[in-house]
Amino acid sequence: MFKVRDDSKILAWRKRLEQHRAEFAKIEDSIAAQGQGRQLCIPASGTYNGCYGENGFKGDTSYVLTFEPARGSAVRVHGTVSDTDGQAIIEDGYILPNGDCYWIERSPPGSIDPPTKRVMNPGKKGSGEVTDEQASTLMALVIAKYTKDEGHISGHYEANTGITGTMWCKCGPPVASIVSLSESNGGAIPMAMLDGGGGGGESD
């Protein structure tokens, strides 16, 4: 069976990314207009270890994050992330004073196997908006929440392949093991954390 390249998924993902950027900027402008300034302390830069869930799979993940003052009231986020899929660069990331944050995870070109065949919808021409390199580069939009009191980041992600999942991470040593992932405030939280523990149980 031919593996078909579907540019529509990449273009739809790109559109949602731009919509989220615009929404984020609008919220930031509103905060600035109210004169609230940067109420969120800049998180500690360093290694954030945690877990992610995707299609029933649970895995460990490790982020190396750098936080620094950015435009207006936001905090800029950049760094790297490593998991079972490999390593990706974190770019275009921001946290608002209310803890809302987003960033882009970009894997190296070739991280998506090239299709053996490209099929266009009948009567439609190729848009020309997606290059071969872009089509072979795995990217994910992470939308999350930084909880200042707990010092963790939790949320969900959507890749340009259409795959979605949840993530959770906290500054400090690796999570010893994972029981399971539970949806909480839109993010992935180890069940042991919800029970008041520091992480325990089985790991895949």
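A residue is called buried under 20% relative accessible area, exposed over 50% and partly exposed in between (1.4 Å probe, protein chains only). The model is predicted, so local features need pLDDT of at least 70 and side-chain atom pairs count only at pLDDT 80 or more, while totals for chains, interfaces and linings use all residues. Residues are numbered from 1 along each chain as its sequence is written, and side-chain values use heavy atoms, with hydrogens and water left out.

**Exercise 1. Describe the sheet and the helix that packs on it.**

Step 1. Assign the elements. Helices (H or I, at least four residues) and strands (E, at least two) are DSSP runs, numbered from the N terminus. The protein chain contains three helices and 12 strands.

Step 2. Follow the pairing, for which DSSP must find at least two bridges between two strands. Eight strands form a closed barrel in the order β2-β3-β4-β5-β6-β8-β9-β10, and the pairing is antiparallel. On average, neighbouring strands of this sheet are turned by 30° against each other, direction ignored.

Step 3. Inspect the pairs that involve β10. Strand β9 (residues 152-159) pairs with β10 (residues 164-171) over seven bridges in the antiparallel sense; Gly 155 has Met 167 in β10 as its bridge partner. Strands β2 and β10 also run antiparallel and are joined by six bridges, with Gly 50 opposite Cys 169 in β10. In the hairpin of β9 and β10, four residues lie between the strands, and Gly 162 has a positive phi near 95°.

Step 4. Place the helix. Contact means heavy atoms within 4.5 Å; axes are lines fitted to C-alpha atoms, for helices over the stretch in contact, and angles run from 0 to 180 degrees between N-to-C directions. Helix α1 (residues 7-33) packs on the sheet and touches β5 (86-95), β6 (100-109), β8 (137-147) and β9. The direction of α1 makes about 145° with that of β6.

**Exercise 2. Classify the ring pairs of Tyr 48 with Phe 67 and of Tyr 52 with Phe 57.**

Step 1. State the rule. Rings of Phe, Tyr and Trp (its six-membered ring) pair if their centres lie within 6.5 Å; planes under 30 degrees apart are stacked, over 60 edge-to-face and the rest tilted.

Step 2. Apply the rule. The whole structure holds five aromatic pairs. In one of them, Tyr 48 and Phe 67 are 5.8 Å apart centre to centre with 65° between the planes, an edge-to-face pair. Tyr 48 belongs to strand β2 (residues 46-54) and Phe 67 to strand β3 (residues 57-69), so the pair ties together parts 19 residues apart in sequence. Tyr 48 is buried at a relative accessible area of 2%, and Phe 67 is buried at 6%.

Step 3. Treat the second pair. The ring centres of Tyr 52 and Phe 57 are 5.9 Å apart and the planes stand at 55°, so the pair is tilted. Tyr 52 is buried, at 5%, whereas Phe 57 is partly exposed, at 35%.

Step 4. Note the cluster. Phe 24, Tyr 94 and Tyr 102 are linked by ring pairs.

**Exercise 3. Determine how many disulfides are present.**

Step 1. A disulfide requires a pair of cysteine sulfur atoms within 2.5 Å.

Step 2. The sulfur closest to that of Cys 51 belongs to Cys 169 at 9.1 Å, which is too far for a bond. For Cys 169, the closest cysteine sulfur is in Cys 101 at 8.6 Å, again too far.

Step 3. The count is zero disulfides. Cys 51 is buried at 0% relative accessibility, and Cys 169 is buried at 0%.
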